[in-house]
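User: I would like to learn how to read the features of a helical model, one at a time. Please give the general idea before the case at hand.

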Amino acid sequence: MAVIHLSKELKKQAVDDLKKYFMEKREEEIGQLGAELLLDFMMEKVGAVIYNQAIKDAHAFMFEKVEDLYALEKNHRL
């Protein structure tokens, strides 16, 4: 699977969120480079797992909706 890429805006928000998390939850400051490298690592190692789970969830949802369509079928004989 190809590497998952974020837009510049999404990456900036994710890096800012990581920096905020470290400050609030761990009471330590993480720099811009450290947050970017951590995000890159997480995207490489965990991104595909999360992506694949999202695909499975979407498949299950769509399968359920298609099954709902069959429930609308009329019982009709010619």
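User: Which helix has the lowest mean pLDDT, and which the highest?

Analyst: pLDDT is the predictor's confidence in each residue, from 0 to 100. Where pLDDT is low, the predicted coordinates should not be read in detail. Among the elements of this protein, helix α3 (residues 47-71) has the lowest mean, 92, and helix α1 (residues 8-25) the highest, 98. Helices here are DSSP runs (H or I, at least four residues; strands are E, at least two), numbered from the N terminus. Over the protein the mean pLDDT is 91, with 96% of residues at 70 or more. The model is predicted, with local features needing pLDDT of at least 70 and side-chain atom pairs 80 or more, while totals for chains, interfaces and linings use all residues. Residues are numbered from 1 along each chain as its sequence is written, and side-chain values use heavy atoms, leaving out hydrogens and water.

User: Which residues of α1 are buried, and why do they line one face?

Analyst: An α-helix has 3.6 residues a turn, so residues three or four places apart point the same way. Buried means under 20% relative accessible area, exposed over 50%, and partly exposed in between (1.4 Å probe, protein chains only). In α1 the buried residues are Val15, Leu18 and Phe22. Seen down the helix axis, they fall within an arc of 55° (taken from the directions from the axis to the C-beta atoms), so they line one face of α1. On the other side of α1, Glu9, Leu10, Lys12, Glu24 and Lys25 are exposed.

User: Which residues form the largest nonpolar core?

Analyst: In soluble globular proteins, nonpolar side chains tend to be buried together. A nonpolar core is a set of buried Ala, Val, Leu, Ile, Met, Phe, Trp, Tyr and Cys residues joined through side-chain atoms within 4.5 Å. The largest one here has seven residues: Val15, Leu18, Phe22, Ile30, Ala35, Leu39 and Met43. The elements giving two or more residues to this core are α1 and α2.

User: How many aromatic pairs does a search of the whole structure find?

Analyst: A pair of aromatic rings is described by the distance of the centres and the angle of the planes. Rings of Phe, Tyr and Trp (its six-membered ring) pair if their centres lie within 6.5 Å; planes under 30 degrees apart count as stacked, over 60 as edge-to-face and the rest as tilted. The search finds one pair. The ring centres of Tyr21 and Phe22 are 6.0 Å apart and the planes are at 80°, so the pair is edge-to-face. Tyr21 is partly exposed at 44% relative accessibility, whereas Phe22 is buried at 14%.
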